[in-house]
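Here are my notes on the model you sent over. Have a look at the sequence and coordinates below, then go through the points in order.

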Amino acid sequence: TPVQNSPQDLWSVFDFLMPGFLGDLAEYRQRYAPLLRRHQLVDEHVLSATERELLSQLRRRTCPFVLRRTKQQVLQELPPKILQ
């Protein structure tokens, strides 16, 4: 399922599949949500070393479960576009 709307979407998907994997919602909001929102607004090199490490920890935990593909990678798998 696409995760592209908000940092809470990531928690929600993981909590449905593996409850508690990213902590409870309050803990997640406190620990990761502000960082993820900030990361959406600035380049990663602008983040502090602590923020980069926290982001790296989250990536290491979630990466094995996230499949990231671009439109070009899935285009051949999609049915022809139908215009009416």
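1. Let's begin with helix H1, which spans residues 7-17. Its buried residues are Pro7, Leu10, Trp11 and Phe14, where buried means under 20% relative accessible area, exposed means over 50% and partly exposed is in between (1.4 Å probe, protein chains only). They cover an arc of only 95° around the axis, so they sit on the same side of H1; the arc is taken from the directions from the helix axis to the C-beta atoms. Helices here are DSSP runs (H or I, at least four residues), numbered from the N terminus.

2. Before going on, a word on provenance: this is a predicted model, so local features need pLDDT of at least 70 and side-chain atom pairs count only at pLDDT 80 or more, while totals for chains, interfaces and linings use all residues. Residues are numbered from 1 along each chain as its sequence is written, and side-chain values use heavy atoms, with hydrogens and water left out.

3. Which residues have the most contacts inside the largest nonpolar core? They are Leu10, Leu22, Tyr28, Tyr32, Leu36 and Leu58, in a core of 13 residues. A nonpolar core here is a set of buried Ala, Val, Leu, Ile, Met, Phe, Trp, Tyr and Cys residues joined through side-chain atoms within 4.5 Å. H1, helix H3 (33-41) and helix H4 (49-62) are the elements that give two or more residues to this core.

4. Leaving aside neighbours within four places in sequence, Tyr28 is in contact (heavy atoms within 4.5 Å) with Pro7, Gln8, Leu10, Trp11, Leu22, Ala33 and Leu36.

5. Next, Thr62, which is in helix H4. Buried or exposed? Thr62 counts as buried, at 8% relative accessibility. A polar atom of the Thr62 side chain lies 2.9 Å from the backbone oxygen of Leu58. That is a polar contact: a pair of N or O atoms within 3.5 Å, where within protein one must be able to donate a hydrogen and the other to accept it, and residues adjacent in sequence count only if both atoms are side-chain atoms. Beyond the neighbours within four places in sequence, Thr62 is in contact with Leu10, Phe14 and Leu22.

6. Arg52 is also in H4, but it is partly exposed at 34% relative accessible area. Not counting residues up to four places away in sequence, Arg52 touches Glu44, His45 and Leu47. One side-chain polar atom of Arg52 lies 2.4 Å from the backbone oxygen of Leu47.

7. Now the aromatics. How many aromatic pairs does a search of the whole structure find? Four, counting rings of Phe, Tyr and Trp (its six-membered ring) whose centres lie within 6.5 Å, with planes under 30 degrees apart called stacked, over 60 edge-to-face and the rest tilted. Phe14 and Phe65 form an edge-to-face pair, 5.9 Å centre to centre with 80° between the planes. Phe14 lies in H1 and Phe65 in the loop between H4 and helix H5 (71-74), so the pair ties together parts that are 51 residues apart in sequence. Phe14 is buried at 4% relative accessible area, whereas Phe65 is partly exposed at 49%.

8. Phe65 also pairs with Phe21: the ring centres are 5.6 Å apart and the planes are at 85°, so this pair is edge-to-face. Phe21 sits in the loop between H1 and helix H2 (25-31), 44 residues from Phe65. Phe14, Phe21 and Phe65 form one aromatic cluster. The charged end of Arg61 sits over the ring of Phe21, 4.2 Å from its centre; the criterion is NZ of Lys or CZ of Arg within 6 Å of the ring centre and within 35 degrees of the ring normal.
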